[in-house]
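Colleague: I am new to this structure and would like to learn how to read it. Please take me through its features one at a time.

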Amino acid sequence: VYEIFVAHSLAIPVVLTQTLASAGKSSSATAKCSSDEDQTRIRAEIEARYGSNGYRIIDRAILVTTRMSSILMVTMVFGAAWPLSFSTVGAYYLTQPGAWE
């Protein structure tokens, strides 16, 4: 989550893939790292750089990033589905006698 936030704050494009990992499902203030050293370092960096609002700022950036990723996915799915839908309907009407009546 913190890496996504850093990339977002540096205006680096972030593309989320569909994995079992989740981002933004809970507050960054309660997030855990697999390494205690990483967790201590990241929390210290957040609090030193952003103060008491740091976790709220991160949560907001993650929300924006995950929503944009979802919007992009829906756009891609519908963008690919329209031509397929039209060609399927067109093929049906071209191959079925009396379909135009």
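The dialogue below goes from confidence to helices, surface and aromatic rings.

Modeller: This is a predicted model, in which local features need pLDDT of at least 70 and side-chain atom pairs count only at pLDDT 80 or more, while totals for chains, interfaces and linings use all residues. Residues are numbered from 1 along each chain as its sequence is written, and side-chain values use heavy atoms, with hydrogens and water left out.

Colleague: What is the mean pLDDT of the protein?

Modeller: pLDDT is the predictor's confidence in each residue, from 0 to 100. For this protein the mean is 78, and 72% of the residues reach 70 or more.

Colleague: How many helices and strands are there?

Modeller: Helices (H or I, at least four residues) and strands (E, at least two) are DSSP runs, numbered from the N terminus. The protein has three helices and zero strands, giving the pattern α-α-α along the sequence.

Colleague: What percentage of the residues count as buried?

Modeller: Buried means under 20% relative accessible area, exposed over 50%, and partly exposed in between (1.4 Å probe, protein chains only). Of the 101 residues here, 18% count as buried. Accessible areas come from the Shrake-Rupley method with a 1.4 Å probe; for residues, only the protein chains shown count as cover. The protein exposes about 7,900 Å², of which carbon and sulfur atoms supply 63%.

Colleague: How many aromatic pairs does a search of the whole structure find?

Modeller: Rings of Phe, Tyr and Trp (its six-membered ring) pair if their centres lie within 6.5 Å; planes under 30 degrees apart count as stacked, over 60 as edge-to-face and the rest as tilted. The search finds two such pairs. Y2 and F5 make a tilted pair, at 6.2 Å centre to centre with 35° between the planes. Both residues lie in helix 1 (residues 2-9), three residues apart, about one turn of the helix.

Colleague: Is F5 buried or exposed?

Modeller: F5 counts as buried because its relative accessibility is 3%. F5 also pairs with Y50, edge-to-face, at 5.4 Å centre to centre and 75° between the planes. F5 lies in helix 1 and Y50 in helix 2, so this pair ties together parts that are 45 residues apart in sequence.

Colleague: And how do Y2 and Y50 count?

Modeller: Y2 counts as buried, at 10% relative accessibility, and Y50 as partly exposed, at 25%. Ring pairs link Y2, F5 and Y50 into a cluster.
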